[in-house]
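Here is a friendly walk through one model, meant to be read with the sequence and the 3D view side by side. Take a moment to look at both before reading on.

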Amino acid sequence: QVQLVESGGGLVQAGGSLRLSCAASGTIFTIISMGWYRQTPGKERELVASINSGHSTNYADSVKGRFTISRDNAKNTVYLQMNNLKPEDTAEYSCNERLYTDHRTWDDYWGQGTQVTVSS
């Protein structure tokens, strides 16, 4: 069993910063990729940023230059540093980790979601 626990959401004014964390625990053999997604009511969930085992990163165009994703393999943790936040960044943010629980079995795991609200 694998659990992802998120922290770091909250309310911030436009131009401010927040740092999200997502820690995985349980039976983890190796983590393939980690990512952050966000969703607002009535819209589909969108990928915000991702990072693979080689530390290559990918960002949504709307957050490039403002958000930074990083990972700590020793802690099975992924971070999202969000700077210069805008009201349109308001959403529920969820982390995803694609990982192997043994030599052959992999799956996607999700955090519980954390709300980020940016006021203008």
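## Aromatic rings and charges over them

The count of aromatic pairs comes to 1 in this predicted model. For that count, rings of Phe, Tyr and Trp (its six-membered ring) pair if their centres lie within 6.5 Å; planes under 30 degrees apart count as stacked, over 60 as edge-to-face and the rest as tilted. A pair of aromatic rings is described by the distance of the centres and the angle of the planes.

Rings also meet arginines here. A charge sits over a ring if NZ of Lys or CZ of Arg is within 6 Å of the ring centre and within 35 degrees of the ring normal. Arg19 is placed over the face of Tyr79, 4.1 Å from the ring centre. Arg45 is over the face of Trp110, at 3.8 Å from the ring centre.

## How the model was read

Residues are numbered from 1 along each chain as its sequence is written, and side-chain values use heavy atoms, with hydrogens and water left out. Because the model is predicted, local features need pLDDT of at least 70 and side-chain atom pairs count only at pLDDT 80 or more, while totals for chains, interfaces and linings use all residues.

## The open sheet

Which strands make up the open sheet, and in what order? There are 4 of them, in the order S1-S3-S8-S7, and the pairing is antiparallel. Strands here (E, at least two residues) are DSSP runs numbered from the N terminus, as are helices (H or I, at least four). Two strands pair if DSSP finds at least two bridges between them. S1 and S7 are the edge strands, each pairing on one side only. From one strand to the next, the twist averages 15 degrees; the axes behind it are lines fitted to C-alpha atoms (for helices over the stretch in contact), with angles from 0 to 180 degrees between N-to-C directions.

Strand S8 pairs with S3 through 6 antiparallel bridges, and Ser21 stands opposite Tyr79 of S8. Another 6 bridges join S8 to S7, again antiparallel, with Ile69 and Leu80 as bridge partners. Buried means under 20% relative accessible area, exposed over 50%, and partly exposed in between (1.4 Å probe, protein chains only).

## Loops on either side of S8

S7 and S8 form a hairpin with 4 residues between them. Asn76 lies in this loop between S7 and S8, and has a positive phi of about 50 degrees although it is not a glycine. Its relative accessible area of 22% makes Asn76 partly exposed.

The loop between S8 and S9 holds Asn83 and Asn84. Asn84 also has a positive phi of about 50 degrees without being a glycine, and is partly exposed at 41% relative accessible area. Asn83 is partly exposed too, at 31%. The C-alpha atoms of Asn83 and Thr68 are 8.5 Å apart, although 15 residues separate the two along the chain.

Elsewhere, Gly9 is in the loop between S1 and strand S2 (10-13), and is partly exposed at 33%. Its C-alpha atom is 9.9 Å from that of Ala91, which is 82 residues away along the chain.

## The nonpolar core

In soluble globular proteins, nonpolar side chains tend to be buried together. A nonpolar core is a set of buried Ala, Val, Leu, Ile, Met, Phe, Trp, Tyr and Cys residues joined through side-chain atoms within 4.5 Å. The largest one here has 28 residues, of which Trp36, Leu80, Met82 and Tyr93 touch the most other members. Among the elements that give it two or more residues are strand S3 (18-26), strand S4 (30-39), strand S8 (77-82) and strand S9 (91-100).

## The disulfide

How many disulfides does a search of the whole structure find? It finds 1, counting a pair of cysteine sulfur atoms within 2.5 Å. Cys22 is joined to Cys95, with an S to S distance of 2.0 Å. The link connects distant parts of the chain, since Cys22 belongs to strand S3 and Cys95 to strand S9, 73 residues apart.

The link of Cys22 and Cys95 is right-handed, with 50 degrees about the S-S bond. Cys22 is buried, at 0% relative accessible area, and Cys95 is buried at 0% as well.
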